[in-house]
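Please look through the structure below before reading on.

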Amino acid sequence: MAKKRKLKISKVKRNNQTTNKMRKQGKLNLQRHRNKVQKQKAPEKPQIEYSSESEASADGWADMLDDEEQQYIMKRLAKQPQLLSNIQEEEKQPNRSRKRKRETKERVPKPTPTMNDSGAENDISDSDDEIEDKYEMELAARPVKRLRPLLPIKTKLGLQERAEECDDTESEEESEGQSKPKLRESLEEHTDSDSGVDGTVEEDTPEESSEAGEITTVQLLAARRDKLAHEKLRIGALCSSLLENPEKKLNNLYAILYLMEERLKDNTLNLHSVRKLATLSACEVFRDILPEYFLRHQDYSNIKLKKDTLALYKHEKELLAFYKRYLQRLEKAAMVLRKKKGDTRKVDESSIQLGLISVHCMCSLLQSRPYFNFASNIAQSIVPFLACSDSRAASAVTDCCAQVFNEDTRGEITLTVVRLINQLVKRRGANLPPRALSCLLALRIRDIDLDEEKDLKRKQAHDQKRKKRIVNLSKKEKKRAKKLKEVERELLETQAQESELARRKQMTEVTKTVFHIYFRLLKTAPRSKLLAVALEGIAKFTHVINLEYYSDLVSILGRLLTDDAVGGRERLLIVRAVLAVLAGAGDALNVDPAGFHAYLYAHALDAHAGATHEDAKIILEAVSQLTHRARRVSPAVLQAFAKRLATLALQLHHNGALGCLALLHQLAQHSKHVSQMLETDMDVGSGRFDPTSPSPEHCNAHAASLHELTALATHYHPTVREVAQSLMERRPLTQLGKLTPLQIFEQYDGSQMAFKPSVPTLKRDKPPNSKVQSHTWTQLSLKEYCECVESNLSMVITNS
């Protein structure tokens, strides 16, 4: 506590009091000029040390300052309490005005035992100085405390900043993010107080502090659930407002794309669920607001445009910018699935799921907007995933490419994707999985004829030579011819013939690139797993191959047929491809297919209802190619394949049996020799049929009969029974007459538990007036005993 200040009196009255006191004591020397001499020779006042903690100097420095300076020093002391305790003795006081010096001179406390103007001593003793010096030494020995800034408070004089002293340990804990909870600080302050409940507080503080400091798993899950629900509502509101007015609310994409980032602005990890929701929501938004045409922008800075035109131009430019950022984030997230060689880092499941969602979003955008900007960039990003080790991403990209091939009407994006696949085959070669090339089978290049294009070029060259022979035209005639060409071109545009010609040109380039892929695989990797896919493609698109390549292709496939390293299924595909080539070329090739017929006849029975049932589809397609050129095949071969189809139908499922019977019906229609085998009263030729013979021409199939139809007439499938009965009775097929054997094989396939016709449900017939017995007796003796008890026991119940 500060000492109580004395009442202020004037200097004249103070001098009079001291003079009267000294006069009574007899110590006064009467000299008239004493005051003037003392004023001239007044000793210099020593500088006084001030301390913020000392009580003796509290009223001294307060009297020396005015109100504004006192408020300033109080603010400084609130931040740095040790400010006044470390003032050096030789520090000079700041210069002040004369008026301030006069006021402060009166308020300066009187120094230690010196004589006053009147010669009197002070009452302050030396003991007070010793106490102050000791207190200052103790303060200097204490460790310096750090200040922790607090929130400012608002007073009448304005905002006042505050600070609080804290120990070094507390400051270190705060720097490490382990500050004490407010509840614990209040409890510790409460224990330091002098209230009478210290013991009870000390017992309760450890449990409460541990509960406040620990975070349980339930709390974490609850916080995650709340945050996820909040972000769901936020994303939904942003997307709905954007779809309502895309021109004005396009900036909502900023927040949606921000939620796709891995880290937020405060450097905290973003939830993977939030990133997935933002990715899928942005994909759906872009699918709705993106146009289907290509946006072309030019520099209109030097051109005056209308206000609406400029607004539309700005909107399209911003839309392209957001779309580009979105695609960049998708590509970055999807790169997790494509590991480089030597990368052994393990990726968590959440990142893999986010990568799969990114791949699906890119595929969806390519399917919905194949002619919009950045379509080629999306194709360049997703095509390498055909060789991805993750089957889910590879299958998604394969389905996407197949759908793009089916729905593309211009041919631009198709040509881009096929060229990217060609580059992938060049890089990976035989290491590429077969599913990477299966999407090429969905190409629509059946209306392309490379021979026709070559004839057209030859005709154009001939016309050019003919024009050179004609006399040069005059200038007027040249101008007239030029105008006629322009008019004809405009007419073609109005009739949409020019776009059709451009599409045919694109698809011609696609066809060349596809066969470039297939022929490279036949040459460089004939024993790899890609051979089967290449052979399927050649068999499907063989009608567009130039005639000059047919002979070389057949010779290459013939050598592969005799290679022992090639598998059995691949050999069947080789036979099917060769027969497809021969069916298309016809008489243009001088090729003997006897070797291919013999292999197909010998290995047709390798397919059965077990693991090799899918090979029956290849056999049916190969025999159907043989049926197309039945007029150029010997009757003995046709009869041998008819007998082989009837035998094969007995060991296949119902869809394979129906395919064989439908193909047998086609052979009977194309060849009268096969139809004679269906007659029961025909004259059997000389010799005996040898089913083990590898040659279809020397097995004596003309001496055989199709008795297998009798067994098929009792088949478990009703359609098989009906078709077999129709063949024996020489009736036309009503249900399967308009379908090909391959269509029948696929439509009647029951592997997916889809039965055709559907299995009828059985209804139970209840006999009329039937009584259901409640129980039966296993022991007759027990039955007799029970009946005896019932007859002798009185069952009348009376109320007592």
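This is a predicted model, and the mean pLDDT of its chain is 76. Of the residues in the chain, 72% reach a pLDDT of 70 or more. Residues 36-42 have a pLDDT below 50, and beyond near neighbours in sequence this stretch has 1 contact in the model. Over residues 45-60 the pLDDT also stays under 50. For residues 45-60, the model has 32 contacts beyond four places in sequence.

Next come the strands. Strand E1 covers residues 146-155, and strand E2 covers residues 158-166. How are E1 and E2 joined? The link is a hairpin, which runs through 2 residues. E1 and E2 pair in the antiparallel sense, and the pairing extends over 8 bridges.

Helix H12 spans residues 272-289, while helix H13 spans residues 307-334. The axes of H12 and H13 come within 12 Å and cross at roughly 145°. The crossing of H12 and H13 is left-handed. Which residues make the contact? From H12 they are Thr279, Ala282, Cys283, Phe286 and Ile289. From H13 they are Leu319, Phe322, Tyr323, Tyr326 and Leu330. Sorted by type, the residues of the contact between H12 and H13 comprise 9 nonpolar and 1 polar, with no charged residue.

The last pair is made of helix H24, at residues 594-602, and helix H26, at residues 635-649. H24 and H26 pack with their axes 10 Å apart, at an angle of about 20°. Angles under 35 degrees count as roughly parallel, and therefore H24 and H26 are roughly parallel to each other. Is the crossing of H24 and H26 left-handed or right-handed? The crossing is left-handed. On the H24 side of the contact are His597, Leu600 and Tyr601. These residues meet Val637, Ala640, Phe641 and Arg644 in H26. The contact of H24 with H26 divides into 5 nonpolar residues, 1 polar and 1 charged.

Note on methods: Residues numbered from 1 in each chain as written. Predicted model: local features only at pLDDT ≥ 70, side-chain atom pairs only at ≥ 80, totals over all residues. Heavy atoms only, no water. Axes fitted to C-alpha atoms, helices over the stretch in contact; angles between N-to-C directions. Helix = DSSP H or I, 4+ residues; strand = E, 2+ residues; numbered from the N terminus. Parallel < 35°, antiparallel > 145°, perpendicular 65-115°, else oblique. Left-handed = near helix turned anticlockwise from the far one by under 90°. Contact = heavy atoms within 4.5 Å. Nonpolar A, V, L, I, M, F, W, Y, C, P; charged D, E, K, R; others polar. Pairing = 2+ DSSP bridges. pLDDT = per-residue confidence, 0-100.
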